[in-house]
Amino acid sequence: MRRLLVTGGAGFIGANFVHHVLAHTDAEVTVLDKLTYAASRAALDGLPADRVRLVVGDVADAAVVEPLVAAHDTVVHFAAESHNDNSLDDPAPFVHTNLVGTFTLLEAVRRHDARLHHVSTDEVYGDLDLDDPKRFTEDTPYRPSSPYSATKAGSDHLVRAWVRSFGVRATISNCSNNHGPWQHVEKFIPRQVTNVLDGGRPKIYGDGLNVRDWIHTDDHSSAVLAILERGRIGETYLVGADGERNNLQVVRTILRHLGRDEDDIDFVTDRAGHDRRYAIESGKLRAELGWTPRFTDVESGLADTIDWYVAHEAWWRPQKAATEASYAAKGQ
């Protein structure tokens, strides 16, 4: 891995991965990003210019993608539309980026025999009952429930088909919910943290008992790097850090960390098709590749994330008012 192309590398998870690669490898990195509202040039500021360059473009545009893939030996595909609420309002961008974009990238990778890692989500598996002892594994059937998760499921299937039909050298990872620096304030944890920092109250959908399996994005990055370096071609690896918490527990952790009453919460109208529980079994990743998370408990990882937003108000402040106005218009 000498020349690395990272699609969506100015987005939340992609940008954190770029930082991780620079800290742990000697690779030169090109970021391809459309710079939609969820991306941030600031997330790449200060990185060495001799090792990182940004190309502004659409992953679904073959004229942009083709020469970039030709010039790189490895591609990590983060680029995606990923906000469930937005996919319910307008599914079209999700089909364009998540399906057409992945197809476009696969065709370029096939022509130039680049190594590909495709980053996906545990949401492709649907959800689990709250009292179900099972977790998602690499063999769990797909059962997506939103336009977002359906298009991510479709992109996973495309990658597997290109591996089998055309011999593309690819791996896939499906990760649980991430938190960490540079995540847009429309997302659950940044929204709640910034609400509290503004003196307001966190907003929780429904009864707040929906469970997510949380992982710090730095641990996600280290898992992707491990798969690139040691993963078996054609394999899928689930990435999780044993971080199951319901939304009420997460918000109470935020309130406690910021010195507020743990019951100072507003419950709002639930989201349509809201999955009940996600849970990742990451035993394959740990056993085969020797991966372990740095943050071994949810609370320490959340503390790191909360403290980042406390220290970076200048970054999130310009996004906040419009985000809250959009939620308020939907009664959320």
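This is a predicted model: local features need pLDDT of at least 70, side-chain atom pairs count only at pLDDT 80 or more; totals for chains, interfaces and linings use all residues.
Please note how it was treated: local features need pLDDT of at least 70, side-chain atom pairs count only at pLDDT 80 or more, and totals for chains, interfaces and linings use all residues. Residues are numbered from 1 along each chain as its sequence is written, and side-chain values use heavy atoms, with hydrogens and water left out.

I begin with the sheet. Seven strands form an open sheet in the order β3-β2-β1-β4-β5-β6-β11, with parallel pairing. Strands here are DSSP runs of E with at least two residues, helices are runs of H or I with at least four, and both are numbered from the N terminus. Two strands pair if DSSP finds at least two bridges between them. Which strands form the edges? They are β3 (52-56) and β11 (236-239), each of which pairs on one side only. On average, neighbouring strands are turned by 20 degrees against each other, direction ignored. Strand β6 (residues 170-175) runs parallel to β11 and is joined to it by four bridges; C175 has V239 as its bridge partner in β11.

Helices pack on this sheet. Helix α7 (residues 217-230) touches β4, β5 (115-121), β6 and β11, and its direction makes about 145 degrees with that of β5. Helix α2 (residues 62-70) lies across β1 (3-7), β2 (28-33), β3 and β4 (74-77), at about 170 degrees to β2. Contact means heavy atoms within 4.5 Å. Axes are lines fitted to C-alpha atoms, for helices over the stretch in contact, and angles run from 0 to 180 degrees between N-to-C directions.

I turn now to two helix pairs. Helix α4 (residues 92-112) and helix α5 (residues 147-166) pack at about 15 degrees, their axes 8 Å apart. The two are therefore roughly parallel, a term for angles under 35 degrees. Their contact includes F94, L99 and F103 of α4, and Y148, L158 and W162 of α5. By class, this contact has 10 nonpolar, five polar and three charged residues.

In the second pair, the axes of helix α10 (residues 298-311) and helix α11 (residues 313-329) come within 6 Å and cross at roughly 80 degrees. These helices are therefore roughly perpendicular, the term for 65 to 115 degrees. W308, Y309, V310 and A311 of α10 meet E313, W315 and W316 of α11.

Finally, an unreviewed UniProt entry places the feature "domain: NAD(P)-binding" at residues 5-301. That span is 39% helix and 17% strand, with its end C-alpha atoms 28 Å apart.

Technical notes:
Angles under 35 degrees count as roughly parallel, over 145 as roughly antiparallel, 65 to 115 as roughly perpendicular and the rest as oblique. Ala, Val, Leu, Ile, Met, Phe, Trp, Tyr, Cys and Pro count as nonpolar, Asp, Glu, Lys and Arg as charged, and the others, Gly among them, as polar. UniProt positions are given in the numbering used here, feature names are shortened, and annotations may be inferred rather than shown by experiment.
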